[in-house]
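Hi,

Here is the structure I promised to pass on. My notes follow below it, with the cut-offs spelled out as they come up.

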Amino acid sequence: MNEAVVLSACRTAIGTARKGSLRETSAFDLATVVVREAAQRSGLPSRCLDDVVLGETLAGGGDIARYAALEAGLSHVPGVALNRHCASGLASVATAAASIRAGMDRAVIAGGTHSSSTAPVSRWRVPGTATWEEPWSSPSHVPTADAPNRDMAVLVGWNTARLAGISRTEMDAWALRSHERAIRAIDEGRFADEIVPVKVTGPDGAVSVFEVDEHPRRGTSMAKLAALKVLHPEIDSFSITAGNASGVNDGAAAVVVADAALAAEHGRTPLATVRSWASVGVDPVETGFAPIAAIRLALARARIDIEEVDLFEVNEAFASVAVATTRELGLDPERVNPFGSGCSLGHPIATTGTRMVATLAHELRRRGGGTAVAAMCAGGGMGSALVLTA
């Protein structure tokens with residue numbers, strides 16, 4: 001079986017949706033930026049690139065991966081858009097690695113793109129009625145009282161906190177640490193190697209360069225987090241707030257996954273190797289616990305003990321997910337999300353999985369090697385994890 005390696009990894013800085021720097025930049029334009037940059041950074045001749053796989057969760061129709069390939073000057077490269085809800089960006093990397101390992105492709109651009117600021121708004125007619133609802137999003141499962149299919153604050157955040165016995169204080173403390181770590185990483189230049197600057201045009205026509213994550217909050221505190229109102233006071237008087245949940249964001253990320261032999265032929269040194277991956281399904285009520293099973297399965301497939309892992313990122317769709325995963329797996333919190341995650345950096349949904357891979361791959365190179373795991377839950381009772389080594 002061929003070895004799948006990450007030759008390049010890049011992302012945009014993450015914008016705050018609707019009022020941030022990327023509010024006028026579409027998911028298509030964001031995808032084009034990172035696809036072009038990942039291809040260039042790989043050092044491979046464009047003729048070696050076989051496909052583009054992009055996560056895209058906004059239900060806009062069409063094939064955004066092919067669009068980006070054409071705009072990036074890769075007319076000979078096809079494209080496929082895929083959707084595994086929040087784990088779409090991670091699924092794109094796994095899909096690319098699978099094709100490489102199977103010998104079907106030798107180099108694939110994988111990534112994700114998401115613009116909450118410019119997402120299309122859909123209407124739908126409720127079957128059996130004349131009622132039209134807006135906005136509409138494709139449900140992941142039949143809703144129940146304890147597992148609504150369009151409200152992640154209840155489905156994921158509240159259920160995880162309730163079932164795991166996680167307090168508001170624990171979630172707020174995790175969120176605060178996430179912001180502090182993200183700010184420190186920005187100030188230390190930890191993300192400089194992975195971020196590709198994006199030229200943006202403001203309402204006044206002025207052009208600027210966006211290259212620093214803008215969602216992390218400087219000066220946040222436990223007192224400020226504790227003062228935030230809960231999102232659903234009718235069922236939850238104490239826990240889930242905007243502060244201990246991920247943001248609503250814009251951004252894109254892409255990596256080039258290649259056959260290790262092809263990389264060697266062109267004298268390219270990989271950032272990391274994709275060792276294994278796994279996706280699991282659980283009862284939708286337990287969506288926030290799905291990363292636990294996914295991590296265990298991915299590590300078992302790689303024949304790596306959890307104690308051997310140097311670095312984890314468990315996406316903070318809600319702080320409760322990262323707290324529950326860390327607690328259940330007995331992880332050292334210092335090894336989990338050392339540069340922040342969804343609560344601070346934000347969660348551009350289809351992008352986050354690939355962004356995590358890019359961040360971890362660059363960090364492994366800085367450390368001179370090691371093992372890293374990216375993991376996340378996804379709507380409808382799913383979880384995914386991917387193992388990198390260097």
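Helices (H or I, at least four residues) and strands (E, at least two) are DSSP runs, numbered from the N terminus. Asp172, for instance, lies in helix 5. This is a predicted model, so local features need pLDDT of at least 70 and side-chain atom pairs count only at pLDDT 80 or more, while totals for chains, interfaces and linings use all residues. Residues are numbered from 1 along each chain as its sequence is written, and side-chain values use heavy atoms, with hydrogens and water left out.

Back to Asp172: with a relative accessible area of 2%, Asp172 is buried (under 20% relative accessible area; exposed is over 50%, partly exposed in between, with a 1.4 Å probe and protein chains only). Leaving aside residues up to four places away in sequence, Asp172 touches Met222, Leu225, Ala226, Thr241 and Asn244, where contact means heavy atoms within 4.5 Å.

Thr12, in the loop between strand 1 (4–11) and strand 2 (15–16), also counts as buried, at 0% relative accessibility.

Next, the nonpolar cores, meaning sets of buried Ala, Val, Leu, Ile, Met, Phe, Trp, Tyr and Cys residues joined through side-chain atoms within 4.5 Å. The largest has 46 residues, and Ile295, Leu299 and Ile306 are among those with the most contacts inside it. Helix 4 (152–164), helix 5 (168–187) and helix 8 (290–302) are among the elements that give two or more residues to this core, and helix 8 provides the largest share, 7 residues. A second, separate core of 44 residues includes Leu30, Cys48, Ala185 and Val198.

Helix 3 (residues 88–102) is largely enclosed by the rest of the structure, because 11 of its 15 residues are buried. After helix 3 comes Gly103, with a positive phi near 80 degrees.

Finally, the rings. Phe, Tyr and Trp rings (the six-membered one for Trp) pair if their centres lie within 6.5 Å; planes under 30 degrees apart count as stacked, over 60 as edge-to-face and the rest as tilted. The count comes to 2 aromatic pairs. Phe28 and Tyr67 have ring centres 4.8 Å apart and planes at 65 degrees, so this pair is edge-to-face. Phe191 and Phe339 are also edge-to-face, at 6.4 Å centre to centre and 85 degrees between the planes. Both Phe191 and Phe339 are buried. The charged end of Arg11 sits over the ring of Phe191, 4.9 Å from its centre (the rule is NZ of Lys or CZ of Arg within 6 Å of the ring centre and within 35 degrees of the ring normal).

Best wishes
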